[in-house]
Amino acid sequence: MLFPKNFLSTYVDNQHLGPKTHVTYFGRKFGVMVFKDSLSGQVLYKQYVKHETNKLYLAGIEEISRRGIKVQSIICDGRKGLFSLFEDVTIQMCNFHQVAIIRRYLTKRPKMQASKELWEVTQLLARTDRESFEGGLNAWYLKWTDFLNEKKMGIDGKNRYIHKKLRSAYNSLKNNMPWLFTWYDNIGLEIPNTTNAIDGMFSDLKNKLRNHNGLSMARKIRFIDEFFKV
């Protein structure tokens, strides 16, 4: 499907070079946030940041819009508060990031049978359609509802859920469901279901900078500017 040049589908993501944050840092308080068009592959906007905030995401989208580019969709990593920030734009949550969230709760090799089966359902996310995935998740919930709701009284006399991580994993999938299959619900917009393209750019940048160890901060910034050529 063809789009005029001022009608673009845009990635909003900034991938960390380590495990748990979502800013590409080159020091404790120096990171880069990048906005990339998913159709043309063009980097539309970047900014250097100290910390990742939703306010910075909003400012980036507003700057892109100010330049006359209409944002038709956003593919992001599911940062808290980000979905409600762009209520007028179609949002797709990166399926890769969703799977990573579930993996942190369950691990790659869960021991409990309920966790094993939920992990199997999760791994289907990027390979199936909405109806099939929702059906699989609902079937899992019906089977394991009683197990999921098991409680135990603590020494303080309060009842608490026993399988907290399993509940968190299921709730993450359930709560994010409205944004996991936006690509499927809007197939004509050619929306990717992951941020892999921009993640690959950051990996490439990481490797190139590794070959230039010892660069001063000023030269590192010039290197990054040249790499993205915004």
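Q: Is Y45 buried or exposed, and what is its relative accessible area?
A: In this predicted model, the cut-off for a buried residue is a relative accessible area under 20%. Y45 falls under that limit and is therefore buried, with a relative accessible area of 15%.

Q: How many aromatic pairs are counted, and what is the geometry of the rings of F35 and Y45?
A: The count comes to 10 aromatic pairs. For F35 and Y45, the ring centres are 5.6 Å apart and the planes stand at 50°, so the pair is tilted.

Q: Which strands hold F35 and Y45?
A: The pair links distant parts of the chain, its two members being 10 residues apart. F35, at 0% relative accessibility, counts as buried. F35 belongs to strand β3 (residues 31-37), and Y45 to strand β4 (residues 43-49).

Q: Is the aromatic pair of F83 and W179 stacked or edge-to-face?
A: Planes under 30 degrees apart count as stacked, and those over 60 as edge-to-face. The planes of F83 and W179 have 15° between them, with 4.2 Å centre to centre, and the pair is stacked.

Q: How many residues apart in sequence are the parts that F83 and W179 tie together?
A: F83 is buried, at a relative accessible area of 12%, whereas W179 is partly exposed, at 27%. F83 lies in helix α2 (residues 82-85) and W179 in helix α6, so the parts that the pair ties together are separated in sequence by 96 residues.

Q: Why is helix α4 described as largely enclosed by the rest of the structure?
A: The buried residues of α4 are A114, S115, E117, L118, W119, V121 and T122. Their cover includes α3 (95-106), α5 (130-148) and α6 (164-180). Helix α4 (residues 113-122) is largely enclosed because its buried residues number 7 of the 10.

Q: Which residues have the most contacts inside the largest nonpolar core?
A: This core has 43 residues. Its largest share, 6 residues, comes from α6. The residues with the most contacts inside the core are I74, F86, L118 and W140.

Q: With which residues is L118 in contact, leaving aside its neighbours within four places in sequence?
A: L118 is one of the buried residues of α4. Leaving aside those neighbours, the contacts of L118 are L106, L137, W140, L166, A169, Y170 and L173.

Q: How many residues are in the second, separate core?
A: V43, M201, F202 and I224 are among the members of this second core. The core is separate, and its residues number 11.

Q: Which residue of β6 is the bridge partner of I75?
A: Strand β5 (residues 70-76) is mostly covered, with 6 of its 7 residues buried. β5 pairs with strand β6 (residues 90-93) in the parallel sense over 4 bridges. The bridge partner of I75 in β6 is Q92.

Q: Which backbone oxygen does the side chain of T182 reach, and at what distance?
A: T182 is found in helix α7 (residues 182-185) and counts as buried at 6% relative accessibility. Not counting residues up to four places away in sequence, T182 touches T90, I91, Q92, R130 and I191. The side chain of T182 reaches the backbone oxygen of I91 at 2.5 Å.

Q: Which residues does R130 touch, not counting residues up to four places away in sequence?
A: R130 is found in helix α5 and is buried, with a relative accessible area of 12%. With those residues not counted, R130 touches M177, P178, F181, T182, Y184 and D185.

Q: Which residues form one aromatic cluster with F133?
A: F181 and Y184, among the residues that R130 touches, also belong to this cluster.

Q: What percentage of the residues in the protein is buried?
A: The secondary structure comes to 9 helices and 8 strands. Of the 230 residues in the protein, the buried ones make up 45%.

Definitions and conventions. Residues numbered from 1 in each chain as written. Predicted model: local features only at pLDDT ≥ 70, side-chain atom pairs only at ≥ 80, totals over all residues. Heavy atoms only, no water. Buried < 20%, exposed > 50% of the residue type's maximum accessible area, 1.4 Å probe, protein only. Contact = heavy atoms within 4.5 Å. Core = buried A, V, L, I, M, F, W, Y, C linked by side-chain atoms within 4.5 Å. Pairing = 2+ DSSP bridges. Polar contact = N/O pair within 3.5 Å; in protein donor to acceptor, adjacent residues only side chain to side chain. Phe/Tyr/Trp six-rings, centres within 6.5 Å; stacked < 30°, edge-to-face > 60°.
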